[in-house]
Amino acid sequence: MRIRIVDAFTDRPFAGNPAGVLILDGDGFPADDWMRRVAAEVNHAETAFAHRLPTGSDADWALRWFTPAVEVALCGHATLATTHVLSRGGYLDGPVRYRTRSGVLSASTDGAGLITLDFPTAPLSPVDADPELVAALGIDFRTVLHTGPQTDDLLFEVADEKTVRALGPDLRTVARLTRRGVIVTAAAEDPASGYDFVSRFFAPAVGVDEDPVTGSAHTALTPFWVGRMGRTELTGYQASPRGGLVHVALHGDRTHLSGHAVTTIDGDLLP
């Protein structure tokens, strides 16, 4: 079985967010336990599994995502990576629709290799911050919001970009006090930097201590920063050690996430 490792939300190797991608033969998924073990072996934040659907279905491909520990309901960078593989492999002649646990998601690729994902916008709601979690993050925050049932994250706004970049949370405590992850964000320090806001994402509760570039988190970051900045098209920089840019656009209850991808490994998964 062919397996690729694709760096997503970057146009150069060894940056952005790596994902495993397996394009499956047949019309169904292997056993869940097998996919979990493959994802654990790949040991990146997500591994995507996709198989083609019959003509006339509500989508073109079925798609699922696994961290090294669990299956997740929504993943941006592994969807972008899958679209990159399908496009480069000659499987696509236009936009593609994926049947997922978060409904039907679509993606398209332009002539220059830029991939755009059409994802549901996260509904943001104010919540009370757990003092123990705030202490574990080591922050003074301005705002904390819950990002809705599909992502189930907490979004913390802090004062400045320096605070985001300097984070060193107590991940064991974060894992105990969250269901999926924590987003920490601030406006960009320099308007000429090429991005409008920065973020980092920690999800030790699902086996990902720090995710390099998190597409699904940007379904919450987009409406948040659109509301702050008054523009519907923005660019986010996820300031992990690998780093990556996500171009975002808000279209009501849908959020468009755009970026490039690069295949770094292409090989065979042995039985």
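My entries below go from one arginine to the salt bridges, then to the rings and a helix.

**Ground rules.** I am working on a predicted model, where local features need pLDDT of at least 70, side-chain atom pairs count only at pLDDT 80 or more, and totals for chains, interfaces and linings use all residues. Residues are numbered from 1 along each chain as its sequence is written, and side-chain values use heavy atoms, with hydrogens and water left out.

**Entry 1: Arg64.** I found Arg64 in strand E4 (residues 61–66); helices (H or I, at least four residues) and strands (E, at least two) are DSSP runs, numbered from the N terminus. Is Arg64 buried or exposed? Arg64 counts as buried because its relative accessibility is 16%; buried means under 20% relative accessible area, exposed over 50%, and partly exposed in between, with a 1.4 Å probe and protein chains only. I then listed what Arg64 touches, leaving out residues up to four places away in sequence: Phe29, Asp32, Met35, Thr47, Ala48, Phe49 and Glu71. Contact here means heavy atoms within 4.5 Å. The charged end of Arg64 sits over the ring of Phe29, 5.1 Å from the ring centre. For that label, NZ of Lys or CZ of Arg must be within 6 Å of the ring centre and within 35 degrees of the ring normal.

**Entry 2: salt bridges.** I used the rule of a side-chain nitrogen of Lys or Arg within 4 Å of a carboxyl oxygen of Asp or Glu. The count comes to 18 salt bridges.

Asp32 forms one with Arg64, and their closest N and O atoms are 3.0 Å apart. This pair links distant parts of the chain, with Asp32 in helix H1 (residues 32–42) and Arg64 in strand E4, 32 residues apart. Asp32 is partly exposed, at 32% relative accessible area. I also noted a network of salt bridges that links Asp32, Arg64, Glu71 and Arg101.

Which residue does Arg242 meet in a salt bridge? The partner is Asp7, at 3.2 Å from N to O. Arg242 lies in the loop between strands E15 (233–238) and E16 (244–251), and Asp7 lies in strand E1 (residues 2–8), 235 residues apart. Arg242 counts as partly exposed at 29% relative accessibility, whereas Asp7 is buried at 2%.

**Entry 3: rings.** My search of the whole structure gave seven aromatic pairs. Rings of Phe, Tyr and Trp (its six-membered ring) pair if their centres lie within 6.5 Å; planes under 30 degrees apart count as stacked, over 60 as edge-to-face and the rest as tilted. Trp61 and Tyr91 form an edge-to-face pair, 5.6 Å centre to centre with 85 degrees between the planes. Trp61 belongs to strand E4, and Tyr91 to the loop between helix H2 (76–88) and E6. Trp61 is buried at 3% relative accessibility, while Tyr91 is partly exposed at 34%. I also saw that ring pairs link Trp34, Phe49 and Phe66 into a cluster.

**Entry 4: helix H6.** How many of the 12 residues of H6 are buried? Nine are, so I wrote down helix H6 (residues 218–229) as mostly covered. The buried ones include His218, Leu221, Phe224 and Trp225. Just after H6, Gly230 takes a positive phi of about 75 degrees.
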